[in-house]
Amino acid sequence: MSFSAGPAAAPSADDHSPQLSDVGRYGRYVIQRFVSKARTVDQPTFRSLLVEYLGHEVHDLPITVEQWPAYEHVNVQGALDVVLTEHGDHARIIGVAGHRHHGPFGIADLLGDDRFAMHGPRPGNVTRISLPSGPGGDTRECLRVALLLLGDGDDRIAVLFRGPDPESGSSELTLEIVAQHPAQAESFGRRLRELALKHNVYRGQVVSFGRSMFGERGSLLRFRERPTMSREDLILPTATFDDLRRQVVGVARNSARLRAAGQHLKRGILLYGPPGVGKTHSVRYLISELVGTTVVELTGETLHGIREACSVARTLQPAMIVVEDVDLIAEERSHYGGETPLLFTLLNEMDGLDEDADVIFLLTTNRADLLEPALASRPGRVDQAVHIELPNRDSRRRLIELYRGNLDLETSRLDTVLDRTEGVTASFLKELLRRSAVVAADRDKQPEANTLVVTAADLDTALDDLLDTRNQMTRAVLGYRDEPMDDEASF
Ligand SMILES: Nc1ncnc2c1ncn2[C@@H]1O[C@H](COP(=O)(O)OP(=O)(O)O)[C@@H](O)[C@H]1O
Ligand SMILES: [Mg+2]
């Protein structure tokens, strides 16, 4: 073997023959390894830290485990923040490095044999993650994984905190608590639960279950802005509106008196009617009025989280669970029950909730005919079915008024428009007004000012266009049916 040397000898990347300079490099490498090995022996391990903090009897102390679903991470952090502040200088947070390759681990592992203590998770930097703590982008810094040492003297608690960690396949938050006096560990766990509940960031908010690859337990709750709507934005026949509002808002407002009078508060309401008449719009209106009520929204996709949603609603009463387009799940098999269609899972969960829980289930559907058999076979889950019909003449007039906005609209031939729009949906009328404005803008090539005047003829043109056979598909997506059908259902 020979060494190549000399100034021209800068080795190219694919030259693997040994160089003189490699000798020095290797020497430095060996020394570095040696030094770092020698020093790790002196570095604290979790075992040494725990023994130092709780004494040698730590090996015999029982470990209390508390678990939470992933979406509670932010609340548990809120609870920990309170406890950390209380302990002030006597609180220590120690980060954990090198734990990923080991999968889930616990305090017992940290206290275990030398090999784990030397090569397993070791004290390292504290890592945090920002999690949403409110609508509008509020966040809270949350620990990912850490060992907390809380207190001094006679009152010492060590807590191993492991947040949900998708990368290592854990979808739950786990706390392992060990204390000098075992009863302390348990009461500490209870206290954290109380604090997490007290400072629950989801209370009174509008949240929806996000899809998660971890199924039910790993579900995420996302904050939604609470819509702001006024009574005038929702055009329904007065009787329908009053009925709906009484069941949802009326009961909520009078919950204390109703409960005292022994009346149950849990209620299930089904909004049904053709597409485009304002079921979703009504839901939004009700949410806007129920300020302070926790609202949990589920869609067909996330309905698998119904159990969690019920548990959130029960803990954060008064609450409302919204399941839109519930017909879409009528036939779907549930995640767990195997053969049970999701709809039955939903109905069972509705039934399972205490009667006096102040929880509203608000369901919507275009296909009450599909649901009717299921609901009829399990009576009592839905207390009230509210039919939202195609807008009558009076509602159509009000809808045109609402959606004309600031448009300067000539209303001389409005009566014919109202006649011709018999049987259309609210969203059809909204689109009609928008199109009339487009027609007007297009006609008026030289606008005098920045105003738009919609003449009766513009309105007619837009309506002709929408009713034209070429626009059958447009009508369909606006919910307008060309063929009159039997009315939806026989509720
Ligand atoms: N009753 C109504 N009053 C006012 N606007 C309505 C009404 N119904 C529908 N709209 C308008 O049409 C849009 C679509 O209606 P939507 O509530 O989604 O219908 P649905 O859920 O019944 O299919 C709404 O966003 C709203 O702008
Ligand atoms: Mg809808």
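The legends below describe close-up views of a predicted model.

Residues are numbered from 1 along each chain as its sequence is written, while chains are lettered from A and ligands numbered from 1 in the order of writing. Because the model is predicted, local features need pLDDT of at least 70 and side-chain atom pairs count only at pLDDT 80 or more, whereas totals for chains, interfaces and linings use all residues.

**View 1. Packing of helix α3 on helix α6.** Helix α3 (residues 73-87) and helix α6 (residues 182-198) have axes that come within 8 Å and cross at roughly 115°. Helices (H or I, at least four residues) and strands (E, at least two) are DSSP runs, numbered from the N terminus. Axes are lines fitted to C-alpha atoms, for helices over the stretch in contact, and angles run from 0 to 180 degrees between N-to-C directions. The two helices, α3 and α6, are therefore roughly perpendicular to each other; angles under 35 degrees count as roughly parallel, over 145 as roughly antiparallel, 65 to 115 as roughly perpendicular and the rest as oblique. The crossing of α3 past α6 is right-handed, that is, the near helix is turned clockwise from the far one by less than a right angle. On α3 the contact is made by Asn 75, Val 76, Gly 78, Ala 79 and Val 82, and on α6 by Leu 192, Leu 195 and Ala 196; two residues are in contact if their C-beta atoms, placed from the backbone, lie within 7 Å. These contact residues comprise six nonpolar, two polar and no charged. Ala, Val, Leu, Ile, Met, Phe, Trp, Tyr, Cys and Pro count as nonpolar, Asp, Glu, Lys and Arg as charged, and the others, Gly among them, as polar.

**View 2. Surroundings of ligand 1.** Ligand 1 is surrounded by 14 residues, the closest being Gly 278, Lys 279, Thr 280, His 281 and Ala 426; a residue is near a molecule if its C-beta atom, placed from the backbone, lies within 6 Å of it. At least two residues of this shell come from each of α9 (279-289) and α15 (426-443). Domain 2 (207-211 + 217-387) and domain 3 (393-477) each give at least three, with bounds from an automatic or database domain assignment. The shell divides into seven nonpolar, five polar and two charged residues.

**View 3. Helices α10 and α11.** The axes of α10 (residues 306-315) and α11 (residues 342-352) come within 10 Å and cross at roughly 20°. That makes α10 roughly parallel to α11. Their crossing is right-handed. Ile 306, Arg 307 and Cys 310 of α10 meet Thr 345, Leu 346 and Glu 349 of α11, a contact of three nonpolar, one polar and two charged residues.

**View 4. Loops on either side of β12.** In the loop between α10 and β12 (319-323) lies Pro 318, and the peptide bond from Gln 317 to Pro 318 is cis, with omega near -10°. Asp 325 is in the loop between β12 and α11; Asp 325 is not a glycine, yet has a positive phi of about 50°.

**View 5. Packing of α15 on helix α16.** With axes 8 Å apart, α15 and α16 (residues 456-467) pack at an angle of about 120°. That makes α15 oblique to α16. The crossing of α15 past α16 is right-handed.
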